[in-house]
Amino acid sequence: VFWQLRLPRVLAAALVGAALAVSGACLQRAFRNPLAAPELLGVSAGAALGAALAILAGTGWVVLQLSAFGGGLAAIALVLVIGPLLPTRDRLLGLVLTGVAISSLAGALLTALIAFADPRSTLPAISFWMMGSFSAIGPASIAGLVAALALSLMPLALARWRIDTLALGDDEAHAMGVASHRLRLGVVVLAALATSASVAVAGVIGWVGLIVPHLARMLVGAAFARWLPASALLGAVFMLAIDTLGRMAGDTELPPGVLAAIVGAPVLFALMRRGGR
């Protein structure tokens, strides 16, 4: 009974929080921008669009997972292609602005899909899933999350010292013998994998990939070898706390995506205020 009612949900919340936090840390290091996050660069919106297409088509969980990963990867690919074309002095700023535009476009397409959804079956599933939920988690979902997180973390851990060179800039990285462009692409793909897996399982949950890496960097520093595991651990704890608060809110469970935004905005303002000091 405990396995059927509690343990899958606890494991899923911890894994989703860790995946989103790891994705945020990777994107912030790859783009050298503290505002880089899965939702700001379009990864979450692209994964959400891909998963919504799979839900609308009535496919199984495996196809849903692949569709979410394809959507997230397509979104970040568009950012990497279009961003450098913008006439901005700061290339990384152009990437972030492109990510915001891609995220907005994916959100508009997702809204258009909702208009074609069946209001009695598919529409409630998509709408409820867009707010995030751990209520329908099963062993297959947990296995997929574990696999996706392992595939993301192992290469990142092995290349941790090379990833640290991305913070120095491309010229410095090349001088140290690191192919920064290929390394950045690999880090972004791994971040998209982690985000897409979490979106396919738990829906759209924002703010975790933006806030948690900042908290982890304040605690352990910016060295990627310490920053990555600290982000994963804090992300798991943060999501478990969000899920617990949502279930304690009242008779109606508050979706984790909504509660994460309510909690995340004040935390971000506090971090920005502290950084300004």
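Helices here are DSSP runs of H or I with at least four residues, numbered from the N terminus. I keep that in mind throughout, and I also note that this is a predicted model.

**Entry: the nonpolar patch.** I went looking for greasy surface and found a nonpolar patch of about 470 Å², built from Leu-78, Val-81, Ile-82, Leu-86, Leu-93 and Leu-97. Two elements give two or more residues to the patch, namely α4 (61-82) and α5 (91-116). Which element gives the largest share? I found that α4 does, with 3 residues. I then picked out Leu-78, which sits in helix α4. Its relative accessibility is 39%, so Leu-78 counts as partly exposed, since that class lies between under 20% for buried and over 50% for exposed.

**Entry: helix α2.** Next I followed α2, which runs over residues 7-31 and has 25 residues. From first C-alpha to last I get 36 Å, close to the expected 36 Å at 1.5 Å a residue. Is this helix mostly covered or mostly open? Mostly covered, I note: 22 of its 25 residues are buried. Just past α2, I spotted Arg-32 with a positive phi of about 50°.

**Entry: the whole chain.** I counted 13 helices and 0 strands. The radius of gyration is 18 Å, close to the 19 Å from the globule rule for 277 residues, so the protein is as compact as a globular protein of that length. I have the C-alpha trace spanning about 60 × 35 × 35 Å along its principal axes. I see 48% of the 277 residues counted as buried. The accessible surface comes to about 12900 Å², and 71% of that belongs to carbon and sulfur atoms. Last, I checked contacts with a separation of 6 or more: residues 24 or more positions apart account for 73% of them.

Technical notes
Residues are numbered from 1 along each chain as its sequence is written. This is a predicted model: local features need pLDDT of at least 70, side-chain atom pairs count only at pLDDT 80 or more; totals for chains, interfaces and linings use all residues. Side-chain values use heavy atoms; hydrogens and water are left out. Patches are made of residues with over 30% relative accessible area and no salt bridge: like charges are joined within 9 Å, nonpolar side chains (Val, Leu, Ile, Met, Phe, Trp, Tyr) within 5 Å. Accessible areas come from the Shrake-Rupley method with a 1.4 Å probe; for residues, only the protein chains shown count as cover. A salt bridge is a side-chain nitrogen of Lys or Arg within 4 Å of a carboxyl oxygen of Asp or Glu. Buried means under 20% relative accessible area, exposed over 50%, partly exposed in between (1.4 Å probe, protein chains only). The expected span of a helix is 1.5 Å times one less than its number of residues. The radius of gyration is taken over C-alpha atoms; the globule rule is 2.2 Å times the number of residues to the power 0.38. Contact means heavy atoms within 4.5 Å.
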